Amino acid sequence: LDKLVVADALHHDIIRFHYYVQYHLFTQLSDAATYARKNKVILKGDLPIGVDRNSVDTWVNPTLFRMNTATGAPPDYFAKSGQNWGFPTYNWEEMSKDNYGWWRARLTQLSKFFTAYRIDHILGFFRIWELPDHAATGLCGKFRPSIPLSQEELLGDGIWDFDRMSRPYIRQDMLEEKFGSLWTIVAANFLHEYQKHCYEFKEECNTEKKIITKIKTSPEKSLWLEKEDSIQRGLFDLLQNIVLIRDPEDSTKYYPRFNLEDTSSFRDLDEHSKNVLRRLYHDYYFVRQENLWRQNALKTLPVLLDCSDMLACGEDLGLIPACVHPVMLELALIGLRIQRMPSEPGLEFDIPSKYSYMTVCAPSCHDCSTLRAWWEGDEGTRSRFYKTVIGSDKEAPSRCTPEVVNFILQQHFDAPSMWAIFPLQDLLALKDKYTARPAAEETINDPTNPRHYWRFRLHVSLESILEDKDIQASIKNLVTSSGRSFPGKKTDKA
């Protein structure tokens, strides 16, 4: 380190700049946290599940991370191809050797500023969706840790053609259907015909990232000009047209591809193979891992909880294994509730009045669209919400009016949840004056899009909000009427 910071070092000026930024970040945040505590305001921090593969953490402690992998989430309603966040997964075995010192140091630093914190993607402490580093989407991954399907197990069930099931299943009729008149050009550039009407990817484009590079840099790219996106989607579909994923570290272990029944590779199998794979798919994703994942969480989460006095909240949204909520209850971890992402199966919209005390409720969060963007995004969704939740037989307004916003916010203020937290965008939607900006521009982060960076900026100044007595009165009424005002606090002033 000393060699990097001497005056004549190659990166001396860059390092000095980052020293400067980090120093002022620390002092300003420390001052803000001290001021907040003195005024009985709680700051709630965030513990991201991952770190960038080019971060100082991976540079200093490379053995703590599986650098040949990427982290993400399996497909869901919001992301049909899953999510690929890009950062490496954790080497939990290596981390355990010093009782998770890296995590303890992280929490110790966090506690200098915050009274409470959110554990981002708490499912990652049970299991993580792991992808190879050459993947661009989040579809063809596996859970780590997990108990795979062994070759012996598959053979015992009459599954033997592993090559057929684990390599992309590509036939000429598929190419003709996907690419139309361009199919011969696509085949010539990306594929090899290994037997009549049967194709496989060439070595230089047999991964998602290789396909992206080939499409952009090929000398023959003029042949598919202005069709790059559709060709890329089609090639990704072909590459993902498998039913079993072979473990890259042990060729005798396999993982069922997520939503394998959606593939033509599955549909063209014999009935016996289909039935066996359906059973094993359900067993892998919903049965055999539960005890393993419970044990994994009970090794790591208590370490986090014991190294600070901060109140911990776990972000438990998405595909939730059965073991998660019992473990969170056992460890007194507060869960997160977003009305449009119900935790109970069969519900389209959660019911805030039925939330348990050990929850944080919110109408939206940084990882999803705001109330306005959600409401105005899909006519069918808002119509069903207007009828079933608001209880109106009238046609739902196309705009998310202040009346609608007030109703939804009131639901959350009145909920039994320990905490109710509201994005400022949702609170400002109580007044038409603040809704001139397109709703789509209010989203802070889109986790399905790695290029949607955290660049949101409020379009009005805090000074102007402080002068707006109407919006202050609207928010104060919600706070006081729900009983969420600070005990003993006088509420004569907004």
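By salt bridge we mean a side-chain nitrogen of Lys or Arg within 4 Å of a carboxyl oxygen of Asp or Glu. Glu441 is partly exposed at 44% relative accessible area, while Arg437 is buried at 19%. The cut-offs here are under 20% relative accessible area for buried, over 50% for exposed, and partly exposed in between (1.4 Å probe, protein chains only).

A word on what you're looking at: this is a predicted model, where local features need pLDDT of at least 70, side-chain atom pairs count only at pLDDT 80 or more, and totals for chains, interfaces and linings use all residues. Residues are numbered from 1 along each chain as its sequence is written, and side-chain values use heavy atoms, with hydrogens and water left out.

Back to the charges. The structure holds 26 salt bridges. Some share partners, and in that way Arg66, Glu130, Lys142, Arg144 and Glu249 are joined into one network. Another bridge pairs Arg118 with Asp46, with the closest N and O atoms 2.6 Å apart. That one links distant parts of the chain: Arg118 sits in strand E6 (residues 116–119) and Asp46 in strand E1 (residues 44–47), 72 residues apart. Helices (H or I, at least four residues) and strands (E, at least two) are DSSP runs, numbered from the N terminus. Arg118 is buried at 6%, whereas Asp46 is partly exposed at 33%.

Then there's Asp470 with Lys431, where the closest N and O atoms are 3.6 Å apart. Asp470 belongs to helix H21 (residues 469–481) and Lys431 to the loop between helix H19 (424–428) and helix H20 (462–467), so the bridge ties together parts 39 residues apart in sequence. Asp470 counts as exposed at 53%; Lys431 is partly exposed at 21%.

Now for the nonpolar side. The largest nonpolar core has 64 residues, and Tyr117 is one of those with the most contacts inside it. Such a core is a set of buried Ala, Val, Leu, Ile, Met, Phe, Trp, Tyr and Cys residues joined through side-chain atoms within 4.5 Å. Its largest share, six residues, comes from helix H13 (residues 271–286). Domain 2 (44–71 + 96–128 + 290–482) and domain 3 (132–288) both give residues to this core, so it lies between them; the domain bounds come from an automatic or database assignment. A second, separate core of 23 residues includes Phe349, Tyr386, Val404 and Ala429.
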